Amino acid sequence: MVTSIRSLALPLAAIILMLGARAGMAETFAYVGNADSNDISVFRLDGNGEMIAVQTAPFTGIEKPGSSTPIAISPDKRVLIAGVRSQPLTAVSFAIDAKSGMLKHIGNGPLADSMAYVSTDRSGKFLLSASYGGNKIAVNPISADGVAGQPLQVIPTGLNAHAILAAPDNRFVFATNLGSDQVLTFAFNATTGELTPNDPPSTKVPDKSGPRHFVFHPNGKYIYLLHELNGDVAAFAYEAKGGAWDEMQRTTILPQGFNGKPWAADIHITPDGRFLYASERTTSTLTAFKVDPATGKLTTVGSAQTEKQPRGFNVDPSGRYLAAVGELSDSMTVYAIDQTTGALAKLKSYSTGKKPNWVELVNLP
């Protein structure tokens, strides 16, 4: 009898430990920016790739829809900032509840223009933004409570500034100019937020290629740049000391047999750096690439059909799932990522707000 009690006690203890570990595990949440409904759709991603709707968070005081809704999450995951691209041009800040993932509006700050892209520097003290129509970039301070202040610096650029990101070590800031076919490089003062043109101040890319979004490899040694107008993705070696980009490969995200007008949109890499994905709006496809860990070069895996006009998508922090939204479908599809090949397998679709165009996936707390 004693033996049987002990045999029961061991599984019970294991169950208790498992439940305790699960209670302390980070939860994954998805935040979808919806331009026409001026809100954020919040979902919780469970361990099987299922999305559970949590909240729809409206933009307080905003009525007119903008052309898109870029989103930035602070490095400490405590604040979400959404850029509104209609009057009044506003950065809407929400506090993120670490347990529920829900958003609570904490304030609005001014933007220098209609911003196609917003991000924070690596410290979370400054908001970086790029204006496509205004041909400029800007830096705003972020207060301790997470609200953007008046712009510290507004810098004219070439045509159609489209994306802006700080380097992994926060020493440089890079901004694409889609209409001028260049990537601008600035030295970044992480104390004051000041941007100063680097030497050289830009990296030229092929004419009429339209550099749009870009991502750093997690190891900081490579950058992948997506070109909207020709559907190319270029791989660059990144020299962190001077902020230089050195192109080493150029390939295409366009599906085989494509004969239309390219309209590339978004690009993301898995947290382990093994797979890269890019979206194309004319064909409504996602193209997958395998990344060579030794060289950073890309090998095409293949393309998958996705939501109609996939302007935004992202990969979850575990690298197991990808979520893509369609501007013309008002919905989001979740895919399982094959951990050997990087191929995408469709799981399920979910309704979002109107004209979804941006996705952020984060672990909390």
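Colleague: What should I know about numbering and confidence before we start?
Modeller: Residues are numbered from 1 along each chain as its sequence is written, and side-chain values use heavy atoms, with hydrogens and water left out. The model is predicted: totals for chains, interfaces and linings use all residues, side-chain atom pairs count only at pLDDT 80 or more, and local features need pLDDT of at least 70.

Colleague: How many aromatic pairs does a search of the whole structure find?
Modeller: Rings of Phe, Tyr and Trp (its six-membered ring) pair if their centres lie within 6.5 Å; planes under 30 degrees apart count as stacked, over 60 as edge-to-face and the rest as tilted. By that rule, the whole-structure count of aromatic pairs is 12.

Colleague: Are F174 and F216 buried or exposed?
Modeller: Buried means under 20% relative accessible area, exposed over 50%, partly exposed in between (1.4 Å probe, protein chains only). F174 has 0% relative accessibility, and F216 has 10%. F174 is therefore buried, and F216 is also buried.

Colleague: Which residues line the largest cavity?
Modeller: On a 1 Å grid over the protein atoms alone, a cavity is a set of points where a 1.4 Å probe fits but cannot get out, and a pocket is an open set with protein on both sides within 12 Å along at least five of seven lines; lining residues have an atom within 4 Å of a point. Grid points are joined across faces, edges and corners, and a volume is the space filled by probe spheres set on the points. The search finds one cavity of 30 Å³ or more, and the largest holds about 50 Å³ of space. Its lining is S68, A116, H162, R212, H213, R311, N357 and W358.

Colleague: Which strand gives the largest share of the lining of the largest pocket?
Modeller: The largest pocket holds about 1,100 Å³ of space. Of its 39 lining residues, R122, L165, H268, N314 and E360 are the closest to the centre. The largest share of the lining is six residues, and they come from β28.

Colleague: How do the lining residues of the largest pocket divide by class?
Modeller: Ala, Val, Leu, Ile, Met, Phe, Trp, Tyr, Cys and Pro count as nonpolar, Asp, Glu, Lys and Arg as charged, and the others, Gly among them, as polar. The division is 22 nonpolar, 11 polar and six charged.

Colleague: Which backbone nitrogen does the side chain of T157 reach?
Modeller: T157 lies in the loop between β11 (153–156) and β12 (161–166). At 16% relative accessibility, T157 counts as buried. Its side chain reaches a backbone nitrogen at 3.5 Å, that of K136.

Colleague: How far apart in space are P356 and S41, C-alpha to C-alpha?
Modeller: P356 lies in strand β28 and is buried, with 0% relative accessibility. In sequence, P356 and S41 are 315 residues apart. In space, their C-alpha atoms are separated by 9.0 Å.

Colleague: What is omega for the cis peptide bond that joins D199 and P200?
Modeller: P200 sits in strand β15 (residues 195–204). The bond from D199 to P200 is cis, and omega is about 0°.

Colleague: What is the phi of N38?
Modeller: N38 lies in the loop between β1 (27–34) and β2 (39–45). At 6% relative accessibility, N38 counts as buried. Its phi is positive in a residue other than glycine, near 50°.

Conventions. Helix = DSSP H or I, 4+ residues; strand = E, 2+ residues; numbered from the N terminus. Polar contact = N/O pair within 3.5 Å; in protein donor to acceptor, adjacent residues only side chain to side chain.
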